[in-house]
Amino acid sequence: MPELPEVEALAAFLRENAVGRVLTRADLAAVQAIKTFDPPLSALGGLEVTGAARHGKFLDLDVSGLHLVVHLARAGWLHWRTGLPPAPPKPGKGPLALRVHLAPLDSDPPAPGFDLTEQGTRKGLAIYVVRSPAEVPGIGRLGPDAMAVDREQFAALLAGRSGQLKGALTDQTLIAGVGNAYSDEILHAARLSPFKMADKLTDDEVIRLYDAMRAELTDALDRQLGQQAATMKGEKRSGLQVHARTGLPCPVCGDTVREVSFADTSLQYCPTCQTGGKPLADRRMSKLLR
């Protein structure tokens with residue numbers, strides 16, 4: 001799932017490559033992806049792209065005051081194209097959700113633009129055309145951004161949260177921008193169990209967790225900025241220490257990275273670094289490690 005560093009890097013990529021161009025046409029290929037009807041998608045045609053921003057894990061393309069907002073969900077991505085076909089795509093064919101055509105500049109190859117795609121059978125990619133990003137329900141519910149929250153605010157948010165750390169870090173209404181992958185990385189860097197209760201942290205643990213969050217996200221963002229959209233996924237994978245590394249040695253201590261699986265997701269952790277050497281039970285109702 002694209003998270004704060006990838007979405008921020010995509011926004012930067014669009015600021016460099018799309019801002020200043022006219023959006024000539026937007027072709028919807030996955031009808032279920034569009035979540036709004038007023039303004040219509042066609043209202044974007046003929047308007048200049050004037051900005052690109054991020055709100056949590058939402059990507060926001062400012063098109064002369066209208067906003068094309070996208071949540072890429074678990075398996076969505078943006079693909080920059082330098083030769084889009086002129087014919088509209090056939091709805092329901094393949095992973096394509098939306099094709100955005102941009103006017104070429106003098107030095108451009110013909111027909112630049114980008115595709116929004118989503119792999120797999122579970123479709124969660126969401127597209128909104130709104131007059132203000134705040135009209136998107138998910139944006140309106142966002143907590144403070146993970147890169148903007150200060151240490152005192154972070155401590156207060158966790159103190160008021162009764163659930164586990166893994167869930168707290170990925171709850172977008174509490175802290176915006178962190179998802180499944182980077183929460184695993186942050187908890188590993190902070191040497192904390194994903195099942196530790198958020199409101200039971202000591203002052204030292206809060207400081208470790210906050211510093212780990214800022215360091216992990218900053219490092220990931222530094223590696224992503226300047227990348228082409230096509231290389232960002234590989235760059236993300238290359239920097240992961242425990243997430244999606246089940247069965248491999250922990251780069252810090254050499255212990256085997258373990259996994260806890262749930263109905264539709266999983267987490268990875270290092271027992272030596274995070275849980276005092278004790279493996280977590282791999283079932284939904286694991287006994288929590290304090």
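A residue counts here as buried under 20% relative accessible area, as exposed over 50% and as partly exposed in between, with a 1.4 Å probe and protein chains only. The structure is a predicted model, in which local features need pLDDT of at least 70 and side-chain atom pairs count only at pLDDT 80 or more, while totals for chains, interfaces and linings use all residues. Residues are numbered from 1 along each chain as its sequence is written, and side-chain values use heavy atoms, with hydrogens and water left out.

Helix α6 covers residues 203-224; helices (H or I, at least four residues) and strands (E, at least two) are DSSP runs numbered from the N terminus. Its 22 residues, at 1.5 Å a residue, should span 32 Å, and the end C-alpha atoms are 32 Å apart, which agrees; the expected span is 1.5 Å times one less than the number of residues. The buried residues of α6 are Glu205, Val206, Leu209, Tyr210, Ala212, Met213, Leu217, Ala220, Leu221 and Gln224. They lie on the same side of α6, because they cover an arc of only 160 degrees around the axis, the arc being that of the directions from the helix axis to the C-beta atoms. An α-helix has 3.6 residues a turn, so residues three or four places apart point the same way. The exposed residues Asp203 and Asp222 are on the other side of α6. The buried residues pack against α1 (4-17), α3 (151-159), α4 (165-170), α5 (180-190) and α7 (232-238), where contact means heavy atoms within 4.5 Å. Just after α6, Gly226 has a positive phi of about 90 degrees.

Several backbone details lie in loops. Most residues other than glycine have a negative phi, and most peptide bonds are trans. The peptide bond from Asp38 to Pro39 is cis, with omega near 5 degrees, and Pro39 sits in the loop between β1 (22-28) and β2 (47-55). Ala73, in the loop between β4 (66-71) and β5 (76-81), is not a glycine, yet has a positive phi of about 55 degrees; Ala73 is buried, with a relative accessible area of 9%. Ala244, in the loop between α7 and β9 (258-261), also has a positive phi, near 60 degrees, but Ala244 is exposed, with a relative accessible area of 61%.

On a 1 Å grid over the protein atoms alone, a cavity is a set of points where a 1.4 Å probe fits but cannot get out, and a pocket is an open set with protein on both sides within 12 Å along at least five of seven lines, lining residues having an atom within 4 Å of a point. The structure holds 1 cavity of 30 Å³ or more, and the largest cavity has a volume of about 50 Å³, a volume being the space filled by probe spheres set on grid points joined across faces, edges and corners. Its lining consists of Leu14, Leu59, Leu61, Leu68, Val70, Leu78, Phe114 and Leu116, with β3 (58-63), β4 and β7 (113-118) each giving two or more residues. This lining has 8 nonpolar, no polar and no charged residues, where Ala, Val, Leu, Ile, Met, Phe, Trp, Tyr, Cys and Pro count as nonpolar, Asp, Glu, Lys and Arg as charged, and the others, Gly among them, as polar. The second largest pocket, with about 250 Å³ of space, has a lining of 5 nonpolar, 5 polar and 2 charged residues, including Lys57, Arg141 and Gln172.
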